[in-house]
Amino acid sequence: MQSHNIYFVGKNEIDVRNEDVRKPSPHEVVIATKKTLISTGTETICLERRFEPGTGWDNWVKYPFAPGYSLSGVVIEKGADVTSINVGDRVAARKPHHQYVTAEEDELVLIPAGVSDEDATWFGLANITQIGIRRAQHELGDAVVVIGVGLLGQLVIQYLRLMGARQIIAIDFSETRLELAAAHGATTTLAMGVEAAQDTIWELTEHGADVVYDITGYAPVFAHAQGLLRKFGRLIVLGDTGTPSEQRLTHDVIKQGLTIVGAHDVHFPRKHTTDSYWNHLTMAQLFYTYLARGDMRVNDLISHRYAPEQARDAYSMLISDRSAAMGVVFDWEM
C-alpha cells in the first residue's frame, strides 16, 4: 500500500510523494487519515526558513521535512499486541500530513462520538495552549491580555474564559480575528499594535494586566509586552520566535518584578509518568471533553479546506497573506 505524503524539500519548495506504508509492529497500528490541520505559524516559518542559524528551528528543519502534527483518522490495521485500540476506531495522532501513517498504540487519542474528525485535529494546538495556561498559574479573576489571536490565541481565550478570567483583552491587527476572539470570550478587542495599546491596557485594568500572553512569534513584541503588566505580573511567551536575538528585556523586568515564562510543546510528557497526571494524552482527552460538552468550539475557526494535491496552493495562500486565514485543513477524502 502506498501513501500520498506532503514534504518540504527546500526553502519554499513543496513536494507530494507516493511512499510505501510501513507495516505495523506488534504494538503499532496503521491509520487512514481523514483530516489534518495546518499549524499555520509553525509550518510557514519552516517553509520559508524564517529563522536564525543555530536556533532550534534550524536544527529541526532538515530536508525532506514532513510538516504537520495534528491528524485524525481511522485505524485500518493493528499489530498482534495492540489491546486498547481496535480496527475501525477513530483516533488522533501527532503525525504529519500523510495519507496513511503507522503509529504506536500508546501515542494515540481515541476520538469520542461527540467530536467530529475535523474538530479532532485541533488537539495538538489545544495541548500547546494548555501548557501555556498551566504554566501561567492563573488565579480566579485575573485580568489577561492576549497578543496575537491566530489559532493559538483563539484557544487561549477559550481556556481563559473557562478558567474564570475577569478580563480577556485581545490585541491583533486583524478585525476578522478580533471578531472571532470576541465570539469566543474576549471581553475587549483592540485592533492596534502592542505599543499603541499600552495606555488603553493600563486604563482598562487600572494597574496593568496580571498575565500577558505573547503568541505572535514576532520578536519585537516581547519588549512591548513587558510594559502591559502590573507589579509582579507574568509574561507567557507561547511559541518560539525564529529570531530570538531580536528579543529584548526592558527596565520593567526589574522595576515591576516580572516573571517571564517560556511555554513550549516539550514541557509536558508525551505519555503517562508517575510524576504528573497531566501529559499530552490526558490534556487531549480534556480538550475533547470540552468540545463534546460545548464548552469550547473550533468548527467556526476553519477558514479554508484543501485536498492534499492542492498543498502548494494552500501554503502559497498562507505565505501571501496569513492574516486572511484561520484554520486550514487538508481533507484526505476530497
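Trainee: Are Arg 234 and Asp 142 buried or exposed in this model?

Mentor: This is a predicted model, in which local features need pLDDT of at least 70, side-chain atom pairs count only at pLDDT 80 or more, and totals for chains, interfaces and linings use all residues. Residues are numbered from 1 along each chain as its sequence is written, and side-chain values use heavy atoms, with hydrogens and water left out. On the scale used here, buried means under 20% relative accessible area, exposed over 50%, and partly exposed in between, with a 1.4 Å probe and protein chains only. By that scale, Arg 234 and Asp 142 are both buried.

Trainee: How far apart are the closest N and O atoms of Arg 234 and Asp 142?

Mentor: Side chains of opposite charge can pair when their charged atoms come close. A salt bridge is counted when a side-chain nitrogen of Lys or Arg lies within 4 Å of a carboxyl oxygen of Asp or Glu. Arg 234 and Asp 142 form such a salt bridge, and their closest N and O atoms are separated by 3.6 Å.

Trainee: Which residue forms a salt bridge with Lys 35?

Mentor: The closest N and O atoms of this pair are 2.9 Å apart, and the partner of Lys 35 is Asp 331. Both residues of the pair are buried, Lys 35 as well as Asp 331.

Trainee: What is the relative accessible area of Asp 300?

Mentor: Asp 300 forms a salt bridge with Arg 297, with 3.2 Å between the closest N and O atoms. Arg 297 counts as partly exposed because its relative accessibility is 34%. Asp 300 is also partly exposed, its relative accessible area being 30%.
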